[in-house]
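Here are my notes on the model you sent over. I have put them as numbered points so that you can follow along with the structure open beside you.

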Amino acid sequence: MVKLGILDYAQIDEGSSSKEALNNTIKLAQYCESLGYERFWVAEHHNVPAFASSSPELLMMKLLAHTEKIRIGSGGVMLPHYAPLKVAENFRILEAYYPHRVDLGMGNSRGTSQVYAALNEDKSFKQNYEQKIVDIQAFLTDSLDQDHAQHGIAANPVIEHRPQMWLLSSSVKSARIAARLGLGYCFGVFPYASKDRLQVGIEACQVYRDEFKPSTFMTEPIVSVAPFLAVAETEDEGLAFAEALDLWLLGLDNFSELKQFPSIETARHFNYSDTDRQAITRNRIRSVVGGIESVTAQLKSYVNQLQADELLLVPLMPGFNNRKKAIELLAEAFK
């Protein structure tokens, strides 16, 4: 049976606060654990007013402390902003405190030009993405080559065990990187709206399985598929939640125009242009929406076509209780 996970953004709903959103993330992780979910990941987003998840490593430490068994991970650490040594040290500390429960999920998004500049300041060069991952692996296994520029530097604390490593991906190219380096592979349906999204995913997941080389981080290939989600008990209610997601995904002013995640009411009163409506139609490719029966069927289709081992679901829905109910419905549907 396919395993389930959640990718959470510490979403700030209309009428709530950042503190409330962060506390809700803890509650959702605990609820996922009680329902038998495999993993709970938190995103990295900067300069997005409606999301409180700017530092996944700090959120992970809190979540690990408030759960007992569920795997906690980053979805993901955006490597263009960080030195491999610092990433390795952060995750060694997490793994030292909570052995065999930590997932290091990594991505390659630079964010907006303003965010990239603020996070990188005086850095005038761009490091190779794959080399950064190789360096993180070397720091986590104390195996830097002797001719490496950082040879002789240890990622502290030095420990024997290590986190799982995952690559967040939307392309065949990054699937090959995950396979070469022996990482878990998470194909994101949600990052981009394109008509060939499913075909790209099918090819990427097959390439990953065919070319996978075992590592100390992952001995067998594991494929996870991640779509946006809006689901409820009935079709009408699920589609109503999707209206809020539709508005959000327009990404108005680099996602800064909406200071909180919109309600259904806000979505229904928004003055959409023809261009907006066209974008909404395209964006539905990134999402699985509707009642639990139709959503379950859509998700099982993804699993079958991409030969996925896991689903990493992104429930961008208005209201904490609605997200909690969605998590419950899905757990029951995939028993």
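1. Let me begin with phenylalanine 255, which is partly exposed at 29% relative accessibility. You will find phenylalanine 255 in the loop between α8 (235-248) and α9 (264-268). Its backbone deserves a look too: phi of phenylalanine 255 is near 65°, a positive value in a residue other than glycine. Do keep in mind while reading that this is a predicted model.

2. A second residue belongs beside that one. Glutamine 307 is not a glycine either, yet has a positive phi of about 50°. Glutamine 307 sits in the loop between α11 and β11. For context, most residues other than glycine have a negative phi, and most peptide bonds are trans.

3. One runs from glycine 75 to glycine 76, with omega near 0°, and glycine 76 is placed in the loop between β3 (71-74) and β4 (77-78). Another cis bond joins asparagine 156 and proline 157, where omega is about 5°. Proline 157 lies in the loop between α5 and β6.

4. Now the overall picture. The protein has 12 helices and 11 strands. A compact globule of 335 residues would have a radius of gyration near 20 Å, and the value here, 19 Å, agrees with that. Along the principal axes, the C-alpha atoms fill a box of roughly 60 × 45 × 40 Å. Of the contacts with a separation of 6 or more, 76% are between residues 24 or more positions apart.

5. What share of the 335 residues is buried? Buried residues make up 55% of them. The accessible surface comes to about 15200 Å², and carbon and sulfur atoms account for 49% of that surface. As for charge, there are 33 positive and 41 negative charges, and their mean positions are 1 Å apart.

6. After α6 comes glycine 182, with a positive phi near 70°.

7. Next, the salt bridges, of which the structure holds 14. The side chains of arginine 39 and glutamate 310 meet in one of them, at 2.8 Å from N to O. Arginine 39 lies in strand β2 (residues 39-42) and glutamate 310 in strand β11 (residues 310-313), so this pair ties together parts that are 271 residues apart in sequence. Are the two partners buried or exposed? Arginine 39 is buried because its relative accessible area is 2%, under the 20% cut-off. Glutamate 310, at 4% relative accessibility, counts as buried as well.

8. Aspartate 309 has a salt bridge of its own, with arginine 209, and the closest N and O atoms are 2.7 Å apart. Aspartate 309 lies in the loop between α11 (292-306) and β11, while arginine 209 is in helix α7, so the pair links parts that are 100 residues apart in sequence. Aspartate 309 counts as partly exposed at 30% relative accessibility, and arginine 209 counts as partly exposed at 27%.

9. For a local pair, turn to helix α12. The side chains of glutamate 328 and lysine 325 meet in a salt bridge at 3.3 Å, N to O. Both residues lie in α12 (residues 320-333), 3 residues apart, which is about one turn of the helix. Glutamate 328 is partly exposed, with 31% relative accessibility, and lysine 325 is partly exposed with a relative accessible area of 31%.

10. Finally, a group to select together in your viewer. Salt bridges that share partners join Lys3, Glu38, Arg39, Arg71, Asp103 and Glu310 into one network. The arginine 39 and glutamate 310 pair from point 7 is linked by a salt bridge of 2.8 Å, and both residues are members of this network.

Terms used. Residues numbered from 1 in each chain as written. Predicted model: local features only at pLDDT ≥ 70, side-chain atom pairs only at ≥ 80, totals over all residues. Heavy atoms only, no water. Helix = DSSP H or I, 4+ residues; strand = E, 2+ residues; numbered from the N terminus. Rg over C-alpha atoms; globule rule 2.2 N^0.38 Å. Buried < 20%, exposed > 50% of the residue type's maximum accessible area, 1.4 Å probe, protein only. Contact = heavy atoms within 4.5 Å. Areas by Shrake-Rupley, 256 points an atom, 1.4 Å probe, with all protein chains shown as cover. Lys, Arg positive; Asp, Glu negative; His and termini not counted. Charge placed at Lys NZ, Arg CZ, Asp CG, Glu CD. Salt bridge = Lys/Arg side-chain N within 4 Å of Asp/Glu carboxyl O.
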